[in-house]
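I opened my notebook today to look up a few contacts in a protein model. Here are my entries, in the order I made them.

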Amino acid sequence: MAADVTEDLLALVVEGCRMPVRMTGSDEWPLAEIISIKDGKDSFYVHYIDYNKRLDEWVARDRLNLCKIQPPVKKDAKKGARPPSPDAASRKNQSGRKRKTLHGAAAESQQAKASRQALLSSSVHALSDSLASMPDGADEAMKDVPMETEEPAAEAAAPPAPVQQQNLRKGGSMVQSHDDTVTRIKNVQLVELGEHRIQPWYFSPYPQEWINLPCIFLCEFCLRFCKCRTSLVRHREKCTLYYPPGNEIYRKDDISFFECDGRKCRPYAQNLCLLAKLFLDHKTLYYDTDPFLFYVMTKFDEQGYHLVGYFSKEKESSEDYNVACILTLPPYQRKGYGKLLIEFSYELSKFEGKTGTPEKPLSDLGLLSYRSYWSDAILEILTEQLKRGSPSNPPLLCINEVCEMTSIRKDDVISTLQHLNLIHYYKGQYVLSLNKDVIDTHTRSMSKRRVRIDSKCLHWTPKDWSKRGKW
Ligand code: ACO
Ligand code: ZN
């Protein structure tokens, strides 16, 4: 009898329906959507609503709470006046784990927007007496920096044939993805890279013969992929690389950066994009790497220069992008390397005498890392300025100066100041208030950043790509 009921309920399970599903490694049963079904309804690929796609997984039927099954949301209903389903919204925004927190971080309130608009378009004059009423000394609870703004401103495989090459590039090494069942499902089980075995987070268009293997073995230096360790060993006997192809433009201690031209190092660049796509959700791979430079960060030991992370950058960007895609490989994440990559990208922009911004949309982790980097960089300048000023002679700084000193684009500076809640309207103009909590948090954050970019170790001359016949 019970078996019959289960079979009846299973018959209702189709792609797009929802039900509580027990998540791996927890006793929680969050609502999940069925993305795909295989093995005669024994295995289900699920996406947990309100959770990041990183957690999507194949589950057996005993993990489904069939009693609470909900039919798929009809397409017409989706298009209608109904507000978008939480799932659709979270996919669209490609934001992270719990939608509440990450939407909160990503979305800009109307008020914040209006105030940013005002800042972009209005002149703000310093208020010399704004500090006069402030208490003296280092323990001051509140300090203001009046701001002035100006007007706005085979065995080892070569890269496979492109899967979605039809996409026309609109300024990015990877273009924004369109959800379909195939690209919503993680297709690679495991990759081995040097001494690391890494579980992918998302789909990447590795060739068909590779995706059903228990593990893909990558040469950690040229990034070619092999079907088994024996082929990798054979490949390593022939492969002479022990660092990324390209010029080493930075070295300090064991950290180096190599500049790889997407045209001159095409196979490497394509393999790097394939690998990166395993951890980047909101982009679809685009195979034309020619218009990009790849800045590859490595850590040196006696075996060679090991890949830690990279960012790509358009040779010519009409939108001031100084980063297209950025990645720290999972074994190296949450150790400060992401902020080191970001710092390096702004160091290049400083050498170019430009401001820059990362290509949008940012992922959830991208936004966290950029917010944190921008806060550090801006507060570093503001606290320096504070030390130079005094209550009777308040420091005067205009937003454009902050942009010049950091190479951070103006809208990112303003949104960061707003995010930190530092901008206040006082006696008819905008002032920045730095309280003790903000300064303490900043000091703590800076003390965590043990590895920093040292501009003296960068040996690089920017090229003007617009003056070249071809990239
Ligand atoms: N959960 C919570 N906070 C996190 C997490 C996490 N999983 N990962 C990083 N952070 C926070 C850190 O706490 C740190 O903030 P803090 O200094 O204020 O404490 C900040 O983010 C940066 O941490 P790092 O250790 O410097 O960064 P990391 O080496 O982990 O790299 C990166 C960050 C590059 C975004 C990495 O998570 C990654 O590669 N993700 C996958 C690819 C991706 O999403 N790239 C960005 C896409 S957007 C674009 O390409 C333009
Ligand atoms: Zn190799």
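**Ground rules.** I call a residue buried when its relative accessible area is under 20%, exposed when it is over 50%, and partly exposed in between (1.4 Å probe, protein chains only). The model is a predicted one, where local features need pLDDT of at least 70 and side-chain atom pairs count only at pLDDT 80 or more, while totals for chains, interfaces and linings use all residues. Residues are numbered from 1 along each chain as its sequence is written, chains are lettered from A and ligands numbered from 1 in the order in which they are written, and side-chain values use heavy atoms, with hydrogens and water left out.

**Entry 1: salt bridges.** I looked for every side-chain nitrogen of Lys or Arg within 4 Å of a carboxyl oxygen of Asp or Glu, which is what salt bridge means here. How many salt bridges does this rule give? I noted a count of 26.

**Entry 2: Arg54.** I found Arg54 in the loop between strand E3 (43-48) and strand E4 (57-60). Helices (H or I, at least four residues) and strands (E, at least two) are DSSP runs, numbered from the N terminus. Is Arg54 buried or exposed? Arg54 is buried, because its relative accessible area is 16%. Its salt-bridge partner is Asp364, with the closest N and O atoms 3.0 Å apart. Asp364 has a relative accessible area of 5%, so I wrote it down as buried too. I also checked polar contacts (N or O atoms within 3.5 Å; within protein, one must be able to donate a hydrogen and the other to accept it, and residues adjacent in sequence count only if both atoms are side-chain atoms). The side chains of Arg54 and Tyr202 make one at 3.3 Å.

Entry 3: Next I followed the salt bridge between Glu248 and Arg251, at 2.8 Å from N to O. Glu248 is partly exposed because its relative accessibility is 31%, and Arg251 is partly exposed at 45%. Lys252 and Asp454 form another salt bridge, at 3.0 Å. Lys252 lies in strand E12 (residues 247-252) and Asp454 in the segment after helix H14 (436-448), so this pair ties together parts that are 202 residues apart in sequence. Lys252 is partly exposed at 33%, whereas Asp454 is buried at 14%.

I then looked at pairing, which needs at least two DSSP bridges between two strands. E12 runs antiparallel to strand E13 (residues 255-261), and 5 bridges join them. Arg251 stands opposite Ser256. The hairpin has 2 residues between the strands, and Asp253 takes a positive phi near 50° there.

**Entry 4: the zinc ion.** Which residues coordinate the zinc ion (ligand 2)? I listed Cys219 (SG), Cys222 (SG), His235 (NE2) and Cys239 (SG), at 2.1 to 2.4 Å. Donors are N, O and S atoms within 2.8 Å of the metal (3.2 Å for Na, K and Ca), and water is not among the atoms, so sites may look incomplete. The angles are 94 to 120°, so the arrangement is tetrahedral; for four donors that requires all angles between 85 and 135 degrees. Both His235 and Cys239 are buried.

**Entry 5: ligand 1.** I counted a residue as near when one of its heavy atoms lies within 4 Å. Of the 26 residues around ligand 1, those that come nearest are Arg334, Gly336, Lys339, Ser363 and Ser372. A backbone N or O atom of Arg334 lies 2.8 Å from an oxygen atom of ligand 1. For Lys335 the corresponding distance is 3.1 Å.

How values were computed. Tetrahedral: all angles 85-135°; square planar, octahedral: opposite > 155°, others 65-115°.
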